[in-house]
Each structure stands twice: as structure tokens, then as C-alpha cells.
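My entries follow the order in which I looked things up.

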Amino acid sequence: MVTQYKNLINGEMVDTGEWLDVVNPATEEVIAQVPACGAAELDKAVAAARAAFKTWKKTPIEERRNAIRAIGKAISDNSDELFRLLTSEQGKPHAQAQGEIGGAAYMVMNQAELDLDDEINEDNEKGSVRTRRVPVGVVGGIVPWNFPVSMAVQKIVPAMLSGCTIILKPSPFTPITTLRLAELIKDVAPPGVVNIITGEDSLGPLITEHPDIDKITFTGSTATGKKIMEGASADLKRITLELGGNDASIVMPDADPKKVAEQLFWSSFTNAGQICIAAKRIYIHEDIYDELSQAIAEYAKNVKVGDGAQQGTGVGPIQNKKQYDRVIELIEDAKDSGYKFLLGGDVDPSGTGYFVPLTILDNPPEDARIVAEEQFGPVMPLMKFSTEEEAIERANNSEYGLAGAVWTADQDKGVEIAEQLETGTVWVNQFLKLTAHTPFAGHKQSGFGAEYGKEGLLEFTYPQVIMVNKAAEVA
Ligand code: NAD
């Protein structure tokens, strides 16, 4: 029998007696089972979170910080076990799984130190005005399958620090590392502060629409984000939406193809391209297009696609069958449309595991589906541009606005272009970097609200202004 992982409700590991299978995307074998929760279990988790909120919101912030630091330490202390589990359910190569677990520990530790002090707006002999930040209450956190551990702590930590309590729902595709994390959290956080429950997608709307949940923080697709917004509108829940992206990179003519090819490759193909902030459209200046596109394709030929648990694997499988089918559909559409491939494109659906060969397209048109849509797979369309203005316009020609990058030897020019991109994050000569102290936020249909940094923390609070009239005569 496979390992069965339990849910965390009110400080106890519990199950429902009904189980969902978890599949390893490299082998297609069932590797574990997790509880299938419905409305009854959600009600229990919400009741526990509501009860815990009464005391947690009044717990001194230093104590709340200490509980968060203990979670960070537990992640680091158990990182070996956690990263192996993560590869087994998510598919990413061991080194990248280690990166996700290490990154999660870093984010937990650093976000624990964010300040939430009151702001003194006025204070004189007549009176005082002070703004304090009050926790919104019980939070529902819903996360996707591409970075299950990073996304889980990205919801749990600011909720805890602000004084909120939380019910977290992992993706049904990748719940087991998060449930192992739940066991670690159980030992260091008071009962009911963090609750983690698993179920099918159908558990999501129950959370969004639950009358005793005050806020939803969601990371996932734009399509689901729209449903969340609709569901949360019934009682005007606060919402934070971190949604899809179709990030553009612009490579200027002064970039040296030999120096940037490898980095451009990994900006697209890390985690098999299943990253909201992966480079999904690469615009290369015509002067270096041929040399750079060849250099990227040559680099890609030496990267091994395979089981993430095997040594030497650089790119793992697509995480699930539904996404695998979608990536194949986009590749087939590109073939049917007669677009030129520099590499890959031939998927063998009869093999075991959801593997897609590294695929690079040579200058497909702007309206190609593989350019205009978020591929979320190991597919990289390279496009040629002539002028800076044209590159900026094409980069901004998207319903998404999550992140982007500029590659150039002239850093000032890089910043000048970066400031014209309509996205929440822009990198100059780097990629995929986030910090614990700066807001990560989407523009356009990539969502709204922020995560990380002070702005991310404030999303879990509302401002309360206390005004005292010191000169009043009331007695
Ligand atoms: P998804 O929207 O299908 O699912 C995300 C989560 O929502 C899962 O837990 C799922 O069970 C739940 N869910 C599904 N239907 C729901 C509903 N009607 N109501 C409430 N919850 C529901 O997304 P996915 O396929 O798991 O993840 C891939 C997407 O996530 C991509 O579009 C990617 O760009 C995006 N993403 C965004 C960020 C970001 O920070 N902006 C980060 C990672 C991934």
C-alpha cells in the first residue's frame, strides 16, 4: 500500500476515510494518497481557524515571529526529505527541488522579520492620530502545482505574522510535500492557526464562497482567478490574485550571444517552463538573432530531459496529464501552421511519463497561439525585432503583465526599457529572482494585490485609524 498523508485541522493530523491518488509524473505511478475533503471537513477547519483567531490576533508579534522562525528552521532541518518528496510528486529535478525548499526556508525566515508597527500620524497637545494594522480574520489560501511548497509558505507566513489564521488548500496534483510540512507546522504553531486540507478542484469554490472566511489569497490560472473573484463577491471577501503570465524578454544587439544563451535557456526551461514568471516570449534583435538562436539551440541539445530523481536530469516532465495534453496541442498547432522549429517538437505520447522534448521555435508570428498564449511547458518561441520601440510594443502586447526581462550591455538602457514594460517585475540581465522584502505583483490579467514585502503583508490586514481628542472635556 502507498503512503497515506493526513490533513492538519485544529492541531491534529486527520483523514476523511476517502482518498485521492497522487501520481509521479515521471513514472505515472501512484505514489501516495491524501484525504478527499468536502464541505464537512472545510467547516471543521474554518471553525478551528475562527476559534484560534481570537487568541492569535492578540498574541504578541514577537511570539508570532518565533512560530514562523520555527517553521523556517523545520523546513531547513528536513530539507533532504522534503526535496525528494517534492521531485516525486512535482517532477522537477532534484537540484531545482532543493532550490525550491531552500528558497522557501529563506522566504519564511526573512518574511518573519517584516515589521507591522503602528504609524503615528499626528501627536500633539490637542490630540493624536494613529494607524494600526488589524488582521482581517480567517484566510483561505489556494495554490497551484508548479511550486507547491513556495506557494504554501507564501500564503501561510504573512497570514500568521499579521495575526490571521489560515486554511490552505494545495493543488490535488501536488499535495504531499505540503502535508509533510503540515506535520512539521503542527509541532510549532498553536492548534487552528494553520490548517491544511486536501481535495479535488471542487473544494476550491467551497473555500471561496464560505461565509466564515474573510479573505482569499490565490495563486493559479487567470481562468480560475476570475471564478474566485466571482465567488468571493457574494460577501465581498478581500482577495489577492497571483495569476498567469506570458513574460517577454528583450535581447538588445549589444548582448553577447555566447554569454547570454545559457541564461536565456534557463529563464524559459527551469521547472520545464512551468513557472508563472518564466520567459515565454523572447524577442531578439535582428543583428544577433541568427547567432543567438543557434547558441540557445546548441546549449539545449546538451540538457537531459528525464526523471527528476535521476542524476544529470536538467528538465523533468510536465506535472500532469491535462497540462501535458495542452502543451502538445500548442506544439501540434504550431506544426499545422507551418512554423519553423529550431529544436524539438516531436512528442511521443506512447512513452511512460509526461515528457515533452525541449522545443524552440524560429520566429513564429506574433499571433501564433504558441506566442500569444501562456504555454507553461518546455517551449520557447524566439522572435526577431528591428527597433527598440517595436520590441517594447510587442512585449506589452499581452493581456498579461506579470514579469519581463531586458538583456543588454548598457545597464542604463536596460533600466530605461524596463520602465516601459507593463509588468509587476522586470529584470535587467537576470531572471526569476524574487526577494522577501519587495512586492511581487501582477498587472493586467496577471492579477492584483501583492505578495512578499511589506505590501504583501498588509494584504492580510485592514487599516484602523484611532483618533484621540486630548482636549475634549467629557467628564
Ligand atoms: P489552477 O487555476 O487550475 O489551479 C490552482 C488552484 O486552484 C488549485 O489548488 C485548484 O485545485 C484550485 N481550483 C481549481 N478550480 C477552482 C475554483 N473554481 N475555485 C477555487 N479554486 C479552484 O492553476 P494550475 O493549473 O494549478 O497552475 C498553473 C497556473 O498558475 C498558471 O496559469 C500559472 O501561470 C499560474 N501561476 C501563477 C503564479 C503567480 O504568482 N502569479 C505562480 C504560479 C503559478
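The entries below concern the ligand and its surroundings.

I worked from a predicted model, in which local features need pLDDT of at least 70, side-chain atom pairs count only at pLDDT 80 or more, and totals for chains, interfaces and linings use all residues. Residues are numbered from 1 along each chain as its sequence is written, and side-chain values use heavy atoms, with hydrogens and water left out.

I first listed the shell: 30 residues surround the ligand, each with a heavy atom within 4 Å of it. Val-143, Asp-201, Ser-221, Leu-243 and Glu-374 are the closest. I sorted the shell into 15 nonpolar, ten polar and five charged residues, with Gly counted as polar and Tyr and Cys as nonpolar.

I then looked up polar contacts (a pair of N or O atoms within 3.5 Å). The side chain of Thr-224 places an N or O atom 2.7 Å from a ligand oxygen. A ligand nitrogen lies 2.7 Å from a backbone N or O atom of Leu-243. For Glu-374, I noted a polar side-chain atom 2.5 Å from a ligand oxygen.

Finally, I noted that domain 1 (3-243 + 446-465) and domain 2 (248-428) each give at least three residues to the shell; the bounds come from an automatic or database domain assignment.

Definitions and conventions. A polar contact is a pair of N or O atoms within 3.5 Å; within protein, one must be able to donate a hydrogen and the other to accept it, and residues adjacent in sequence count only if both atoms are side-chain atoms.
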